[in-house]
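Good morning, and thank you for coming.

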Amino acid sequence: MPKKKLITIIRDCLEEMKAQNIVILDIKDKSSIADYMVVSSGTSTRHVSSIADKIQRKLKSSSYKNVKVEGLQNCDWVLIDALDVIVNIFKPEVREFYMIEKIWSESLIVENKKSLGT
């Protein structure tokens, strides 16, 4: 399936689960690990876990295989490796500490939603 469809599925799950500060980065020319990186926040460990679960279930039902997930034990930072897209879901304070978006140039941001409904 096309990468844009994968991004759409992930973004729709994040929006439906009311993830915060959704940022989509185009990293295909900067990294060999993936073409896109998605960064978002949940409000608590339970919220982070629920968001990750929703994305996993939706990708599986959409025939995306070999999706790997790390960080579900603590749910401070969950990483979902969906092949061409890496999804990071943070608790806000953990995201602020690591500032993962700052590793990448601001020019790589494809989409930046500070909060849903905006």
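Which residues does I10 touch, if we leave out those up to four places away in sequence? The model before us is a predicted one, and in it I10 is in contact with V38, I55, L59, V85 and V87.

The largest nonpolar core holds 24 residues, and I10, V38 and I55 are the ones that touch the most other members. Several elements build this core: α1 (3-16), β1 (20-26), β2 (36-41), α2 (45-61), β4 and β5 each contribute at least two residues. The greatest contribution, six residues, is made by α1. Apart from this core there is another one, made of 11 residues, including L25, M37, V39 and I100.

I turn now to the aromatic rings. How many aromatic pairs are there? The count is three. In one of them, the ring centres of W77 and F90 are 4.6 Å apart and the planes meet at 35 degrees; since stacked requires under 30 degrees and edge-to-face over 60, this pair is called tilted.

A second example is the pair of F97 and Y98, with 5.0 Å from centre to centre and 90 degrees between the planes, which makes the pair edge-to-face. F97 is exposed, because its relative accessible area is 65% and the limit is over 50%. Y98, at 43%, counts as partly exposed. Taken together, W77, F90, F97 and Y98 form one aromatic cluster.

Finally, a word on the cysteines. How many disulfides does the model contain? The count is zero. C13 is buried, as its relative accessibility is 3%, and C75 is buried as well, with a relative accessible area of 5%. For both residues, the label follows because buried means under 20%.

To close, I would ask you to find two places on the screen: I10 with its contacts V38, I55, L59, V85 and V87, and the aromatic cluster of W77, F90, F97 and Y98. Thank you for your attention.

Key. Residues are numbered from 1 along each chain as its sequence is written. This is a predicted model: local features need pLDDT of at least 70, side-chain atom pairs count only at pLDDT 80 or more; totals for chains, interfaces and linings use all residues. Side-chain values use heavy atoms; hydrogens and water are left out. Rings of Phe, Tyr and Trp (its six-membered ring) pair if their centres lie within 6.5 Å; planes under 30 degrees apart count as stacked, over 60 as edge-to-face and the rest as tilted. Buried means under 20% relative accessible area, exposed over 50%, partly exposed in between (1.4 Å probe, protein chains only). A disulfide is a pair of cysteine sulfur atoms within 2.5 Å. A nonpolar core is a set of buried Ala, Val, Leu, Ile, Met, Phe, Trp, Tyr and Cys residues joined through side-chain atoms within 4.5 Å. Helices (H or I, at least four residues) and strands (E, at least two) are DSSP runs, numbered from the N terminus. Contact means heavy atoms within 4.5 Å.
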